[in-house]
Amino acid sequence: MKKPSWFNVVSLTVGFAFLYIPMIVLVIFSFNESKLVSVWGGFSTKWYGELMQNRAFLDAAWVTLKVGFISSTIATVLGTMAAFVLVRAGRFRGRTLFSGMIYAPLVMPEVITGLSLLLLFIAVGMDRGVSTIVLAHATFSMCYVSVVVSSRMATFDESLEEAALDLGCSPWDAFRSVTLPIIAPAVASGWLLAFTLSLDDLVIASFTAGPSATTLPIKIYSSVRLGVSPEINALSTIIIGLVTIGVLVASITSKRAIQKQKRGELLAEH
Amino acid sequence: MSLARRLLISVPYTWLLALFLVPFLIVLKISLSDYANSIPPYTPTLEVGEGWSGIKEFWSALDFENFVFLTEDALYIKAYWSSLKIAALATFFTLLIGFPFAYGIANAPQEWRPSLLMLIILPFWTSFLIRIYALIGIISNDGFLNQFLMWIGAISDPLVIMNTNLAVYIGIVYTYLPFMVLPIYATLEKLDSSLLEAAQDLGCTRISAFWSVTVHLSKPGVIAGCFLVFIPALGEFVIPSLLGGSRTLMIGKVLWEEFFSNRDWPLASAVAVILLLVLIIPIVLLQRNEQMQREQNK
């Protein structure tokens with residue numbers, strides 16, 4: 001093993017410092033006693049306490065979670081179907097348009113997606129609120145899900161499914177007992193991606209939310225415009241903590257699953 | 001065609017038609033309408049309900065008024081130019097930091113690489129908005145950076161970074177860095193280090209070997225990374241709105257203000273249509289790059 005050169009060590013240190021110092025500073029200052037965000041006034045958890053009393057934030061958090069759960073679940077179902085269409089359905093009329101509509105939202109500026117959906121909701125006379133945000137989020141996240149799932153399906157051995165059908169399974173049974181377990185990790189990570197995209201979205205939610213529903217990013221945005229506040233630091237710390245735990249758990253379980261699979265393959269060979 | 005197959009195709013198809021394509025056509029239609037001080041704030045020029053006569057009337061009244069206005073008012077042309085400039089320069093800076101970063105990971109000891117990659121991906125899962133917010137805590141006038149520099153005595157007055165274009169550059173580099181690092185890492189990781197040795201054996205200096213082997217072979221990753229940063233940066237709204245100043249002109253911000261502050265829906269729609277036209281070129285180039293990579297991998 002060759003020793004890492006000084007150039008590599010420096011570029012990694014600079015890169016990671018740049019990525020992480022702002023977040024570390026934010027976390028540290030969320031435990032600051034003083035209201036001044038740049039002066040350390042001693043350790044305190046009082047901002048977390050105040051956050052828990054803040055109805056507006058709690059309501060927004062609840063709306064955000066609700067929208068995230070519903071929209072990512074719809075997106076996962078639609079996105080998985082779309083992945084099947086892309087990989088398996090072969091030729092049909094309008095295929096080019098279909099794949100175009102799957103890939104276009106991935107590169108579409110959020111302001112355009114938001115504007116176009118809002119104009120649609122107004123044109124059909126839909127009241128804006130939680131349901132319109134759900135529709136908007138489900139639409140752009142289904143495209144991400146279908147990309148994740150279809151790339152997994154591209155490496156999938158179709159003969160397994162054919163074998164199940166030959167052995168007398170109905171197409172639905174074959175899907176449930178053969179296809180689904182194989183693509184399940186991709187479907188799960190697609191759901192997770194859709195969920196985080198939904199939790200994270202400010203622009204599209206601002207266009208489609210209307211006055212009756214406020215999501216957490218909308219709330220954070222409007223208070224950040226007024227400046228840095230210790231309450232937002234506390235809220236951000238909670239979110240960063242949850243995401244870190246989630247990503248670590250997900251990566252450890254997927255690593256375990258891969259190891260288990262490898263062990264199974266090794267056993268099968270012997 | 002079996003019923004199940006038809007159903008499988010038609011459900012996501014209908015969804016995307018209704019919630020992706022139709023909204024676009026509406027944007028296109030409204031961009032050709034006239035502004036009116038009413039609710040909704042435009043007079044439709046296309047009345048599909050009136051059939052053929054409606055379409056004929058629309059055709060004769062079609063004057064691309066909003067688009068003409070966009071080309072006549074210097075503000076909008078400036079906004080498009082300054083978005084292109086900011087996105088391009090920020091992409092360049094991201095590459096400048098991202099390439100050595102990806103190179104460092106690709107050359108790190110094998111057993112470290114998964115953890116290092118994880119550390120790159122982790123911020124990507126964290127909220128975009130929170131990362132911008134964290135950056136404000138660093139670069140604002142009484143932020144961490146200024147406090148630190150004044151404490152060590154490097155400066156006596158705080159540096160003004162917040163609410164300038166510089167803050168927008170830093171914001172784009174900071175938030176989009178993973179998009180640059182990951183595709184470059186993917187190409188560097190596959191690179192066969194014996195090629196570098198061969199180049200040196202054949203008389204290349206280390207630097208020229210690095211240039212003609214490493215840089216050359218990582219080109220697809222560099223191109224992909226650049227477009228993955230450039231495309232979203234061009235239509236960015238949150239970064240210029242929170243980090244930029246009142247003089248920072250970016251088209252995403254202009255669209256937002258036209259819509260929410262001026263309530264000029266036809267003009268906002270016209271801005272959106274032009275932004276899309278500007279984006280088509282980089283999107284097509286990105287796709288061609290990906291196709292070439294896929295063919296090479298076969």
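Across the interface of domain 1 of chain A and domain 2 of chain A, the rule finds zero salt bridges. Keep in mind that this is a predicted model. Between chain B and chain A the salt-bridge count is zero as well, although those two chains bury about 7,100 Å² between them.

- Nine residues from domain 1 of chain A and eight residues from domain 2 of chain A take part in the contact.
- About 600 Å² is buried between domain 1 of chain A and domain 2 of chain A, with 76% of it on carbon and sulfur atoms.
- On the domain 1 side, look at A:F57, A:I220 and A:G227: they supply 51% of the area that domain 1 of chain A buries against domain 2 of chain A, more than any other three residues.

**Chain B against chain A**

- Chain B puts 73 residues into this contact, and chain A puts in 80 residues.
- Of the roughly 7,100 Å² buried between chain B and chain A, 84% is on carbon and sulfur atoms.
- B:W15, B:W125 and B:Y133 are the residues of chain B that lose the most area to chain A, together 11% of what that side buries.

**Helix α4 of chain B and its partners**

- Helix α3 (residues 65-72) of chain B and α4(B) have axes that come within 4 Å and cross at roughly 75°.
- That angle makes α3(B) roughly perpendicular to α4(B).
- From α3(B), the contact uses B:F69, B:L70, B:T71 and B:E72, while α4(B) brings B:A74, B:Y76 and B:I77.
- By class, the residues where α3(B) meets α4(B) are five nonpolar, one polar and one charged.
- Helix α4 (residues 74-106) of chain B also packs with helix α13 (residues 251-260) of chain B; their axes come within 8 Å and cross at roughly 140°.
- α4(B) and α13(B) are therefore oblique to each other.
- Here B:Y76, B:A79, B:Y80 and B:S83 in α4(B) meet B:I251, B:V254 and B:E258 in α13(B).
- The contact of α4(B) with α13(B) comes out as five nonpolar residues, one polar and one charged.
- B:Y76 is worth a click: this residue of α4(B) is part of the contact with α3(B) and also of the contact with α13(B).

Conventions
Residues are numbered from 1 along each chain as its sequence is written. Chains are lettered from A and ligands numbered from 1 in the order in which they are written. This is a predicted model: local features need pLDDT of at least 70, side-chain atom pairs count only at pLDDT 80 or more; totals for chains, interfaces and linings use all residues. Side-chain values use heavy atoms; hydrogens and water are left out. Axes are lines fitted to C-alpha atoms, for helices over the stretch in contact, and angles run from 0 to 180 degrees between N-to-C directions. Helices (H or I, at least four residues) and strands (E, at least two) are DSSP runs, numbered from the N terminus. Angles under 35 degrees count as roughly parallel, over 145 as roughly antiparallel, 65 to 115 as roughly perpendicular and the rest as oblique. Contact means heavy atoms within 4.5 Å. Ala, Val, Leu, Ile, Met, Phe, Trp, Tyr, Cys and Pro count as nonpolar, Asp, Glu, Lys and Arg as charged, and the others, Gly among them, as polar. Buried area is the accessible area (1.4 Å probe) that two parts lose on being put together, summed over both. A salt bridge is a side-chain nitrogen of Lys or Arg within 4 Å of a carboxyl oxygen of Asp or Glu.
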